[in-house]
Amino acid sequence: MSRGGGKGPSLKDKLDGNELDLSLCDLNEVPVRELAALPKATILDLSCNNLISLPSDFCSLLHLVKLDLSKNRLQQLPLDFGRLVNLQHLDLLNNRLVTLPVSFAQLKNLKWLDLKDNPLDPVLAKVAGDCLDEKQCKQAAVKVLQHMKAIQSEQDRQRQRKLQAEREMEKKREAEQRAKEAQEREVRKREKAEEKERRRREYDAQKAAKQEMEKKTKKETVQTRKPASGSRPPQLPRHKHSWSRSVLRVLLFVLLCILCTLAACKLTELQRQPLCVSVNTLYEDVLAALQNHKTLQNMLQQNSQQ
């Protein structure tokens, strides 16, 4: 076994029954791997060495029943030191321990404990008391375990309160988030309803304007077709009016020709011509026939006078 690490083939040679004595070996670290290979070594003496700390895998030595770490320079024990549940006897005399890990409360089989000559926390020092005889060391084990269990319970309660507070906070955040989402949904719903109502009003306004325009157009059409009172009677179509004028002109032209012919046959030397004789005869016959009607006779008299 080397001096600094406690390693070497001679480690098994130090085993005496179930007791392994590694005291006064000037150890700076614990040979955990070699110790784990010796499960029969339930009693381990590491006193009077230069140990400042124990490695975390030291707590895997579950076979330990009695452990002597006195007269080292240990400043703290591993946090999971409570895994050594089979430990019954623990000697931590003359180290530099101030507190013990909370897991210490799990050493339910611990029957003997010595914490003298450590700069312990005043509360812990008062609980541990003296370990001057077997009775006091046994009482120290019981009291320290109770104290550490109380600390563990208080820490558990604090953790529970913290977890409860975190759960309450989470519930509060979730409730606030739900309320916010519900409010946002309500706002979106209201905005959607307002938008729908706006579109409905625009549709109704456009429909009313369209109906008003159609009504106005229909009214204007009726007014255009219906003649206003006192207005002139509807004139004949333009093509009919032109035709009437043409006929009238033709008749006037024919009448003028007749009158000219008659005047020529009456007043000029042409009256002896056969054509004029026929015209004069026709004129006298027509005149004679017209004279038989009183109205026409009066008209002829007025014309004669004129």
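**A charged cluster, a separate pair and the cysteines**

Analyst: Let's start with E195, which is partly exposed at a relative accessible area of 30% (buried is under 20%, exposed is over 50%, and partly exposed lies in between, using a 1.4 Å probe and protein chains only). Keep in mind that this is a predicted model, where local features need pLDDT of at least 70, side-chain atom pairs count only at pLDDT 80 or more, and totals for chains, interfaces and linings use all residues. Residues are numbered from 1 along each chain as its sequence is written, and side-chain values use heavy atoms, leaving out hydrogens and water.

Now for the partners of E195. One is R198, and the two form a salt bridge whose closest N and O atoms are 2.3 Å apart; the term covers a side-chain nitrogen of Lys or Arg within 4 Å of a carboxyl oxygen of Asp or Glu. Why can such groups pair up? Side chains of opposite charge can do so when their charged atoms come close. E195 and R198 are 3 residues apart in helix α3, which spans residues 134-225, so about one helical turn separates them (helices are DSSP runs of H or I with at least four residues, strands are runs of E with at least two, and numbering goes from the N terminus). R198 is partly exposed too, with a relative accessible area of 34%.

E195 also meets R199 in a salt bridge, at 3.6 Å from N to O. Here the spacing in helix α3 is 4 residues, which again means about one helical turn between E195 and R199. R199 counts as partly exposed, at 46% relative accessibility. Through shared partners, salt bridges tie E195, R198, R199 and E202 into one network.

Across the whole structure, the search turns up 11 salt bridges. Another of them joins K116 and D114, 2.9 Å from N to O. In this pair, K116 is partly exposed with 21% relative accessible area, whereas D114 is buried at 4%.

Finally, the cysteines. The structure has 1 disulfide, meaning a pair of cysteine sulfur atoms within 2.5 Å. C131 and C137 make that link, with their sulfur atoms 1.4 Å apart. The link between C131 and C137 is right-handed, with 100° about the S-S bond, and both cysteines are buried. As for two other cysteines, C59 is buried at 0% relative accessibility, while C48 is partly exposed at 30%.
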